[in-house]
Amino acid sequence: MASNKVFNFGPVALTTTLTTNVLNPNITSVAGPVGFTMTQPYIVLRHIRIVNKTASAATFSLWKGATGANAAGTEVIGTGLSVAANSAFDWYGVMRLDAADFLVGGSNTATALTIVGEGELGVSG
């Protein structure tokens, strides 16, 4: 039975560029040890927290899709969702990201919001 490793990502400040790659599990070289073939890892996101460190509300949007893309229909968490001043937003769920999947997003206010998260890292096979 496979065993995933728990991991954390961030903190990362969200910028006003809504096509910023926030998270992706792809590794560029899977040349591994002799005797078996390495495969790409995947991520199972379980929690994302967006923290607003300012005295004004700010919004964020996150997409799951291609690198640097925020195409219609790929919105996953918060499409212009407002986070109150000096507050936070928490998302809980199960979202798998494979090697070709990127969590992409940003905010309406430069560096007002910070994203952190946790989940599991597994190996495709």
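S61 touches I77, G78, T79, G80, V104, G105 and G106, where residues up to four places away in sequence are not counted and contact means heavy atoms within 4.5 Å. The model is predicted: local features need pLDDT of at least 70, side-chain atom pairs count only at pLDDT 80 or more, and totals for chains, interfaces and linings use all residues. Residues are numbered from 1 along each chain as its sequence is written, and side-chain values use heavy atoms, with hydrogens and water left out.

## Exercise 1: S61

Find the strand that holds S61, decide whether S61 is buried or exposed, and find the distance from a polar atom of its side chain to the backbone nitrogen of G80.

Solution. 

1. S61 is found in strand β4. Strands (E, at least two residues) are DSSP runs, numbered from the N terminus.
2. The relative accessibility of S61 is 10%, so S61 counts as buried. Buried means under 20% relative accessible area, exposed over 50%, and partly exposed in between, with a 1.4 Å probe and protein chains only.
3. A polar atom of the S61 side chain lies 2.8 Å from the backbone nitrogen of G80.

## Exercise 2: The sheet that holds β4

Give the strand order of the open sheet that contains β4, name its edge strands, and describe the pairing of β4 with β7.

Solution. 

1. The order is β2-β7-β4-β5, an open sheet of four strands with antiparallel pairing. Two strands pair if DSSP finds at least two bridges between them.
2. At the edges are β2 (20-23) and β5 (75-83), each of which pairs on one side only.
3. Neighbouring strands of this sheet are turned by 25° against each other on average, direction ignored. Such angles run from 0 to 180 degrees between N-to-C directions, with axes as lines fitted to C-alpha atoms.
4. Strand β4 (residues 58-65) and strand β7 (residues 102-107) pair in the antiparallel sense over six bridges.
5. Within β7, V104 is the bridge partner of W63.

## Exercise 3: The sheet that holds β3

Work out the order of the open sheet that contains β3, and trace how its strands are joined, starting with β1 and β8.

Solution. 

1. Four strands make up this open sheet, ordered β1-β8-β3-β6 with antiparallel pairing.
2. The edges are β1 (5-13) and β6; each has a single partner strand, so one side of each is left without a neighbour in the sheet.
3. From one strand to the next, the twist averages 15°.
4. β1 and β8 run antiparallel and are joined by seven bridges. F7 stands opposite G119 in β8.
5. β3 pairs with β8 over 11 bridges, again antiparallel. The bridge partner of Y42 in β8 is G122.
6. β3 also pairs with β6 in the antiparallel sense, over eight bridges. Here L45 stands opposite M95 in β6.

## Exercise 4: The nonpolar core

List the residues that touch the most other members of the largest nonpolar core, then say which element gives the most to this core.

Solution. 

1. A nonpolar core is a set of buried Ala, Val, Leu, Ile, Met, Phe, Trp, Tyr and Cys residues joined through side-chain atoms within 4.5 Å.
2. The largest core has 21 residues, of which L23, L45, I48, I50, F60, L103 and I115 touch the most other members.
3. Two or more residues each come from β1, β2, β3, β4, β5, β6 and β8.
4. The element that gives the most is β3, with four residues.
5. Leaving aside neighbours within four places in sequence, L23 is in contact with F7, F9, I43, L45, L97, D101, F102 and L103.

Key:
A polar contact is a pair of N or O atoms within 3.5 Å; within protein, one must be able to donate a hydrogen and the other to accept it, and residues adjacent in sequence count only if both atoms are side-chain atoms.
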